Amino acid sequence: MKVTHTWLAEFVPGLLDHPVGGDPDALGDVMSAIGLCCEEVVKVGAGLDGIAVAEVLELAPHPNADKIQLVQVRVDPDGEPLQVCCGAFNMSVGDKVPLATIGTTMPNGMEIARRKLRGEWSNGMLCAAEEMGVAEMGVGDDHAGILILDPSLALGTPIKEALGIEVDAVFDLDLTPNRPDALSIIGVARDVAAKLGLEFVLPAIDVSTSGAPAGDLASVRIDDPDLCGRFTVRVLSGVTIGSSPSWMQQRLTHCGMRPINSVVDISNYVMLEYGQPNHTYDLATVPNGALAVRRAKPGEDLVTLDGQTRTLEERDGVIVNGADQPIGIAGVMGGQSTEISDATESVLLELAWWDPASISYTSKRLGLRSEASSRYEKGADPEIAGRAAWRLAQLLVEQGATLHPGEIVAEGNVPASITVDVRTARVNALLATRLTTDEIRGYLEPIGFACAATSDVDVLAVTIPSWRPDSTAEIDIVEEVARLHGYERLGKTVPKSATGGGLTARQLDIRRLRSFLTSVGASEAMPMSFLAPGDLEASGVRADGVTVANPLVAEESVLRTSLLSGLVKTLGYNAAHRNLGLSLFEVGHCFAQAPDGAVPLEWEEVAVVLGGRDVVAAVELSLRLTTLIGIDDVTIRNEPVGGLHPGRSAIVAAGGVAIGVVGEIDPEVCRRRGVAERVGYLSFVLGGDEAWHGDAGLLSVPRSDGVYRPISRFPSSDVDLAFVVDDSIGADELAAVLRSAGGELVTDVELFDVFRGDSVGEGRRSLAYRLRIQAPDRTLTDTELGSVRDSLVTAAGSVGGTLRA
């Protein structure tokens, strides 16, 4: 679809003065932004300044060139003749021709200067239509040579005035099939006006009528109301067939249509302007002016305007005369028998609304595409025919025709208007905007979507205009809001999609545990979850295991309640093969009978056995493991634990909540499995139906964010202190007291020895710590070190600890 700048301005007052609307290139960008993709902007009529009407006074051969002649011309009636060298020979003395004077820049960029051609001076250039860029406007013959002008033109008249050329711009739009309204000047103008905030105006049409009523001269009948929804007829007489005005021919040419004669040109002009196809009949060839619409009879023939004989089928629509003879293919092409000719005096105008599906079928079946069929099959406006008929009549009356009073209209089935509820919240949800209801109304009403309030202030009842058959639902109206709001203002977002293969936070934690334990030299073991009857008791762990009703083998019929049994059994197997000092770990599930006899309890644990190592190594590893997870407030309190050495077992707690156990495996348990070495052991509940003593698991307790402190650049001092305490005082409890007493000056507390013997007394033991004392901002003096040591001894005394000599 091609539209011109000045034609749009007739419906959008102020367009040419608008800062954007007046700039063709900027306006083309606006059209693209609202969905009317502008592929090209062609400026026409520019570059003609300096070209004027001249008269040929004398023709003479060039003395030194056979293909050039010397032409004497005059531009000013009172001026001197000018000699011009010209290679065209289609002129005669007295002809009026266009002369590009010296200093003119032609549309192709060539500058006209005084030059010598084979020894003779040329004072300008006589122009052909193609050289002036007006041939594509239908002016002149590209191959005839110099353009010969109207002899009545006055000398010196600017060529633009002489040819009636208007400086304009042509927009070449690549429209999508769902925008039939944009196949018209008013459709494009309406959208442009709405986007630029200008007023869209349909000029008033005032046409006088006279003569016999149209109803006495013609009649219309619709036999298939589904095929034809409305058929409108006007009658004009006194029509003179001639050439249409030059301005109309230029606009038709700019829009890709060839001027033919006044009646056909006006018919095409109104179709482009209003988007309403129409057809003109020579009234004298239609008996009694009677027209009817029906489906074709199988085998009927019709010679169309292009001279081709078309064989019709019963699905095709036809227009017939009073004798029931086809005179046109409905919505596709008229018949040759009623064609406008030079002898035409009375014209019958037809404007109709046709069923899009029927027109599409016939057009494709016959391979006959026309400007009319392309509009009808996309959906023409059923309400525009009356106004378009007035516009046709107005232009024909300006050419001398007479419009007969009365409009003949036959009614069929036209599409009903549609009203849709548009929710403000839905618009904003789809467009990711924050538009108000009034803003949405402000976008829709300028393009003809009537908005009415509803009982809900955030819902509009929107009536879709008759020229927008593509809009039928709320989502279509949301698209209109997006167009006018501006796609460029909606922002860009990338839809989120599910990422396959990702790990949960729990899975990541367990993966970190496995990686850490592997890094400290432990190998992962995977014992069976099934044990033989009595294994739980032999291992000293809780014996309320779940017995499987249908085990694979009877020797493996009890589900484990602890990972200890399987890991010790694995150590025993390796010991039998003289493979000692192994460190093994397992992450697995444990099971126990429910107290109420319901579904068995299930939880997950991580456990580590350290072959050939003692409780000290187990405690150290447990603290490193909790640090890895991010748990700060960890305490280890002495307490007997099933399966572990009675004096070398403890509960690991975080914030006072038990999360695991640590110690050495009971030597008797090891002996039963053939393990002769000491075995350190630690185990943490990871989560499940039941944690130790009903408390939380390792991965469930609160974690710290991890605070990083600067490393002191000043010297440190290590102090070894041994305290005798009751067995009820845990080593970590005393260590916490020492850290608290030392404050920021005690940077590390390490237990390096535990001693029991007669010298410390029954029920007591000696705990020896190495404490590192260091200030972050200075070197500590001996006095300061002594003060810190004294505060540590005093703090140990608060829990019953005495300094060992």
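The following dialogue sets values computed from the structure against the definitions applied to them.

Biologist: What is the basis of the values discussed here?

Modeller: This is a predicted model, in which local features need pLDDT of at least 70 and side-chain atom pairs count only at pLDDT 80 or more, while totals for chains, interfaces and linings use all residues. Residues are numbered from 1 along each chain as its sequence is written, and side-chain values use heavy atoms, with hydrogens and water left out.

Biologist: Why is C670 called buried?

Modeller: Buried means under 20% relative accessible area, exposed over 50%, and partly exposed in between, with a 1.4 Å probe and protein chains only. C670 has 3% relative accessibility and therefore counts as buried. By contrast, C37 stands at 34%, so C37 is partly exposed.

Biologist: What makes R673 and D535 a salt bridge?

Modeller: The term requires a side-chain nitrogen of Lys or Arg within 4 Å of a carboxyl oxygen of Asp or Glu. For R673 and D535 the N to O distance is 3.2 Å, so the pair meets the definition. It links distant parts of the chain, 138 residues apart: R673 is in the loop between α18 (667-672) and β34 (679-688), and D535 is in helix α15 (residues 535-539). Helices (H or I, at least four residues) and strands (E, at least two) are DSSP runs, numbered from the N terminus.

Biologist: Are the two partners buried or partly exposed?

Modeller: R673 is partly exposed, with a relative accessible area of 25%, whereas D535 is buried at 11%.

Biologist: What other salt bridges illustrate the definition?

Modeller: R221 and D223 have their closest N and O atoms 2.8 Å apart; R221 is partly exposed at 46%, and D223 is partly exposed at 40%. D777 and R778 meet at 3.1 Å, N to O. D777 counts as exposed at 52%, while R778 is partly exposed at 33%. Salt bridges that share partners also join R179, D181, D191, R468, D470, E480 and R483 into one network. The structure holds 44 salt bridges.

Biologist: How do you know that the buried residues of α11 line one face of the helix?

Modeller: In α11 (residues 424-431), T424, V427, N428 and L431 are buried. Seen down the axis, they fall within an arc of 95 degrees, so they line one face; the arc is that of the directions from the helix axis to the C-beta atoms. A425 and A429 are exposed on the other side. The cover over the buried residues includes β23 (418-423), α12 (437-444) and α13 (474-485).

Biologist: What makes a set of residues a nonpolar core?

Modeller: Its members are buried Ala, Val, Leu, Ile, Met, Phe, Trp, Tyr and Cys residues joined through side-chain atoms within 4.5 Å. The largest such core has 54 residues, and those with the most contacts inside it are L8, M31, L173 and V188. A second, separate core of 38 residues includes V233, L283, V286 and I359.

How values were computed. Contact means heavy atoms within 4.5 Å.
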